[in-house]
Amino acid sequence: MEDFVLGLVVAAVRLVECDGISTDAALRRVLDQAQRPLHRAQQRYVRHAVRSWLLRDRPKEAPPVIPQPLPWVAARKQDGRQWELTAWGMQDHNPGRRLREFSFLAYGSANDRDVEAARVAIAAYAAAFGEPAEQGEKPYHAYQLCGAEQVDHVRIALTGLHDGSYRLLFEGTPEQVRAYYDEHGRDRVAELIRGGPATPGKNCTDCRRLTTCDAPRKLPGLLGIPGGRTPRSLRHVSASDLRYYNRCPTQYLAYSQNLPRTGEYSPENLLGKAVHAHLETNHGGVIAPCAAHDMPWADSEWGEGPLRMTGEWARTGSRMLAQHLDMCPFNNEDVSDVQIERGLAFHDTAANVIVLARPDMLYRDNGSPVWREIKTTQRADAYRGDPFTYDPQLALAVVLLAEGALGGDPRGARVELEVLRPDSGDPLVIEPFHEPERVEKARRLLYTYAEPWRSDEVFTPRPGLHCRTCPVSEWCGSALKEAGTGDC
């Protein structure tokens with residue numbers, strides 16, 4: 001399927017703005033001529049995003065601009081190579097005022113996304129000193145520059161394609177652009193040119209060197225899917241992806257394609273994220289046990305930004321955090337090599353899948369790897385039984401340690417689940433080396449979740465009561481309505 005719908009949004013917008021085609025006709029042409037199939041949710045989003053751009057909330061007092069269909073590329077030749085610096089997004093200009101404006105595109109709202117200063121600096125430099133350029137015959141061929149233009153003023157903005165929101169990120173003269181680039185962008189460009197150690201992750205699926213790269217460790221059969229029975233296309237997946245897919249394939253598809261979400265987090269979800277953030281801060285410095293003075297008082301507000309907890313939520317969260325004191329892994333003097341929220345990637349060559357994971361905490365205990373997850377709940381019945389064999393996230397952790405994927409002494413390897421409730425804290429543990437039956441149950445669970453996902457090519461909606469709280473139901477024509485009926 002198509003995996004970058006913003007490219008289609010730009011193509012349709014340019015047909016409207018540059019060729020004078022009606023919005024409906026432009027959308028029909030772009031969607032009908034797409035090189036790869038689109039899910040209905042993707043089509044709905046493309047139609048919405050094009051109209052959002054055309055009606056975007058650009059300030060009326062901003063200088064008027066017209067579309068520039070070609071990207072701006074700053075290029076130079078050195079030692080027989082052509083170096084090119086550009087940015088991807090929307091280009092507009094005002095030739096009479098010698099003004100250029102570049103817009104980054106956000107799937108959702110411009111107010112909910114930050115753009116790092118280095119990216120802004122690079123885009124500003126390309127706009128100030130680059131030339132309009134035609135793409136080469138192949139994506140990796142050199143741009144064909146179309147001639148320099150005088151530029152006196154540059155604007156860099158961010159436009160949200162969900163709500164048409166607009167936010168100015170930078171404005172200045174070419175001299176100011178150069179100073180901003182020297183401060184924020186030059187070192188990043190040098191870093192990109194130098195390269196560095198491999199950082200495996202989602203991008204592995206597009207990497208031409210994957211077959212010869214050892215950075216994502218190869219674990220054939222990790223998901224339990226036999227080789228030779230899977231599509232040729234390489235995919236990536238996490239345990240969370242598998243949970244979303246198990247609930248509704250369309251919800252998974254919408255999440256994986258970054259379609260905007262509405263009302264994603266309930267107050268309970270935000271409380272859990274706030275507790276995680278507080279513990280992450282505590283554990284991110286010196287290896288020392290969490291103490292009472294590290295936790296918020298029950299009657300105080302705590303947390304930052306959208307995770308600011310007040311009132312009863314603050315009191316509930318502080319009680320949960322108090323339960324952690326006795327279970328803090330740093331109470332153990334043998335803890336070493338602590339890593340918080342480290343991204344992991346493994347290549348299941350049998351399933352042709354990059355498997356992603358991000359443990360809450362990894363550490364060594366006397367040389368053995370320990371994987372710890374922290375869960376918060378106010379329900380007395382949550383995480384009872386054997387959660388390592390019904391939660392795909394925990395099952396994946398169990399199987400990875402059983403495979404020796406994290407190195408170290410396997411005899412002491414374990415997965416720890418720390419369950420924090422307002423009135424109790426439950427430490428649950430599985431040691432894969434010593435509990436082969438539970439490992440086999442975890443393997444079966446992973447297969448149960450992964451096999452239907454891996455063989456799915458259409459991601460049909462699965463309407464149910466969850467539709468009423470689904471953050472991406474806006475893009476799904478089959479979502480159940482409040483009355484309990486759907487149009488699927």
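## Strands β17 and β18 and their sheet

In this predicted model, strand β17 (residues 414-420) pairs with β18 in the antiparallel sense, over 6 bridges. Within the pair, E418 stands opposite P427 of β18. Helix α10 (residues 311-324) packs on the sheet to which these strands belong, where α10 touches β16 (368-376), β17 and β18. The direction of α10 makes about 145° with that of β17.

The sheet is open and has 5 strands in the order β12-β15-β16-β17-β18, with mixed pairing. The edges are formed by β12 (335-340) and β18 (425-430); each has a single partner strand, so one side of each is left without a neighbour in the sheet. From one strand to the next, the twist averages 20°. As a general point, strands of a sheet pair through backbone hydrogen bonds, either parallel or antiparallel.

## Strand β15 within the sheet

Strand β15 (residues 361-365) has 4 of its 5 residues buried, so β15 is largely enclosed by the rest of the structure.

With β16, β15 is joined by 5 bridges, and the two strands run antiparallel. L362 takes part in this pairing also, with W371 of β16 as its bridge partner. β15 and β16 form a hairpin with 2 residues between them. In the turn of this hairpin, N366 has a positive phi of about 55°.

Strand β4 (residues 90-94) is mostly covered, as 5 of its 5 residues are buried.

Two strands pair with β4. Strand β1 (residues 66-67) runs antiparallel to β4 and is joined to it by 2 bridges; P67 stands opposite D92 of β4. Strand β5 (residues 99-106) also runs antiparallel to β4, with 5 bridges between them. In this second pairing, the bridge partner of Q91 is F102 of β5. β4 and β5 form a hairpin with 4 residues between them, and R98 in its turn has a positive phi of about 55°.

Helix α4 (residues 117-129) supplies the largest share of the lining, 3 residues.

Helix α4 also contains Y125. Is Y125 buried or exposed? The relative accessible area of Y125 is 18%, and because residues under 20% count as buried, Y125 is buried. Not counting residues up to four places away in sequence, Y125 touches A74, L85, G130, V177, R178 and Y181. Y125 and Y181 are 56 residues apart in sequence, whereas their C-alpha atoms are 6.6 Å apart in space.

## The largest cavity

How many cavities of 30 Å³ or more does the structure hold? There are 2 of them. In general terms, rolling a probe the size of a water molecule over the atoms shows where empty space is left. The largest cavity contains about 100 Å³ of space.

The lining of the largest cavity comprises 14 residues, of which C248, C467, C470, C476 and A479 are the closest to its centre. The lining residues divide into 8 nonpolar, 5 polar and 1 charged.

Which residues of helix α7 (residues 239-247) are buried? They are A239, D241, L242, Y244 and Y245. An α-helix has 3.6 residues a turn, so residues three or four places apart point the same way.

The elements that cover the buried residues of α7 include both strands and helices. Among them are the strands β11 (235-238) and β14 (353-357). The helices α8 (249-256), α11 (392-402) and α12 (436-455) are also included in this covering.

Definitions and conventions:
Residues numbered from 1 in each chain as written. Predicted model: local features only at pLDDT ≥ 70, side-chain atom pairs only at ≥ 80, totals over all residues. Heavy atoms only, no water. Buried < 20%, exposed > 50% of the residue type's maximum accessible area, 1.4 Å probe, protein only. Contact = heavy atoms within 4.5 Å. Pairing = 2+ DSSP bridges. Axes fitted to C-alpha atoms, helices over the stretch in contact; angles between N-to-C directions. 1 Å grid on protein atoms, 1.4 Å probe; cavity = no way out; pocket = protein on both sides within 12 Å on 5 of 7 lines; lining within 4 Å. Points joined across faces, edges and corners; volume = space filled by probe spheres on them. Nonpolar A, V, L, I, M, F, W, Y, C, P; charged D, E, K, R; others polar.
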